[in-house]
Amino acid sequence: MDYRDLSLIVESNKTKPGSVGWRSPSNLAIIKYWGKHGVQLPRNPSISFTLETACTNTWIDYKPKSSIDPNVSLDFFFNDQSNEDFKAKVHKFLSGLTEIFPFLKQLHLTIRSTNSFPHSAGIASSASSMSALALCLCSMEKNLFGTLQKASEFKQKASYLARLGSGSACRSIYGGMAIWGVTSEVASASNEYAVPFTELNEVFKTYHDDILIISKGEKSVSSRAGHELMDSNIYAQNRYEQARQRFRALLSALKTGDIEAFGKIAEAEALALHALMLLSNPPFMLLKPNTVAAIEKVQQFRNDTRLPLYFSLDAGPNLHLLYPENIQPDVKRFIDNELIQFCENKQYIQDKVGSGPIEL
Ligand code: DP6
C-alpha cells in the first residue's frame, strides 16, 4: 500500500478555512499485539473489541497559512487548555505524513481534543486519540479534494494512518471487532491496516467490558518501550506462534458464540502479555497487588456462580471484566459488593462493544 500522493496540494488563495471532527473509541485487544518491526508492523495478528464509552473527540480547524513555511504548523488544545506535550506528539506524527498529505504544510491547524473518560483514569488513550486524528485528516482530504468518497476507502486509509500513530489505533476505525495483521484465517487481513471482523456471533455484539480503575498512576514503562523489549526477549518467537494459534481458536469461538472458550483465551492472553513483561530484559511489572486480588475474586466468582465472567488486561494494572449482556445485573452487584474495594477512589467504567467512530 502506498498512500504517498504529491498531487494533494491546495491552491492557497482559493482555499477556504474549514473544520472537521470525529469521535473515536478506544479498543480492547483479546489477542494482543505485543512486538513490532519496521514502520509499525505487527509480529502477529491481533483482534479487539471496539468500545462504546471510552472515546476521544477531536476537531481540526484548518486555514491556509499566511506565510510560507515548510513545517507543519499547529496549535493543540486538550480540554480547552493548550497542551505542549500533546502538541509535540501530534506535530511529530503529522510531520511524518507530509508525503501522504502534502497539504499539511500549506495549512495552519487548530486541533482540539477531549476524552469521554476521566483524563487521569489511567486508561490508554492512544488508540482513541490517534484514530480520531486519522479520521479527521481523511475528512480534510475529502473536503479539500473531493476524494475518499467511498466509505471503505476512507476507513482503510484512516486505519492505515492511525496505525502509523499507534499500532492498536488502527483497529478502532471499525465497530464490533477488528483484526489487524496478516493471517491465513482472513483473506482481507493486512499488516498495514485493520479490517472489520464480519462473522461475529450475536452474543458478542452486546458484550460488556467494565474497566476497574486499579491505579491511575503513570505507567513505569510505556507500550512503545515494552514493544521494543520484545526484540531481545528470548521467548518472542514462541510468543508470536502462540498468538497465531490462539487467534485461530478465538476466531472459531467468536463465530460459534462459545463464551467459555472465548473467556479462557482472553485470560490466557492477558496473562501472557504481562508474563512477557516479566520475562523482558530488563524485566518490568505493571500489575499491582490489587490487580491480582481482583483477578482471584473474579475466578472465585466464576467457580461459585458458574457465570461466564472473565477478565482481560491492557498494558497496565486496570482490570477489564468481560461478560455477556444477560448477566449484567449479577456482575454489577458483584462489582459493587466485592471488587470496588480494589479500585482507586472506587472508580470503574461501564463500557461495552460499540459501533465505531462517529463524525461530529
Ligand atoms: C497491550 O498500540 O499502544 O494494548 O504501536 O507503540 O503505539 P504503539 O503501541 P500500542 O500497543 C498496544 C499494546 C496492547 C495490546 C493491543 O492493543 O493489541
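How many Å separate a polar side-chain atom of D314 from an oxygen atom of the ligand? I looked this up in a predicted model, where local features need pLDDT of at least 70 and side-chain atom pairs count only at pLDDT 80 or more, while totals for chains, interfaces and linings use all residues. I noted that residues are numbered from 1 along each chain as its sequence is written, and that side-chain values use heavy atoms, with hydrogens and water left out.

**Entry on the ligand.** For D314 I found 3.2 Å to a ligand oxygen atom, a polar contact being a pair of N or O atoms within 3.5 Å. I also found a polar side-chain atom of H227 at 3.0 Å from an oxygen atom of the ligand, and one of S168 at 2.7 Å from such an oxygen. Taken alone, the ligand exposes 460 Å², of which the protein buries 94% (Shrake-Rupley method, 1.4 Å probe).

**Entry on the shell.** I listed 17 residues around the ligand, with Y33, S166, G167, S168 and R171 coming nearest; a residue counts as near if one of its heavy atoms lies within 4 Å. Helix α5 (residues 223–229) supplies the largest share of this shell, three residues, helices being DSSP runs (H or I) of at least four residues.

**Entry on the core.** The largest nonpolar core has 72 residues; such a core joins buried nonpolar residues (under 20% relative accessible area) through side-chain atoms within 4.5 Å. Helix α2 (residues 126–145) gives the most to this core, nine residues. Because domain 1 (12–199) and domain 2 (202–358) both give residues to the core, I wrote that it lies between them; the domain bounds come from an automatic or database assignment.

How values were computed:
Polar contact = N/O pair within 3.5 Å; in protein donor to acceptor, adjacent residues only side chain to side chain. Helix = DSSP H or I, 4+ residues; strand = E, 2+ residues; numbered from the N terminus. Buried < 20%, exposed > 50% of the residue type's maximum accessible area, 1.4 Å probe, protein only.
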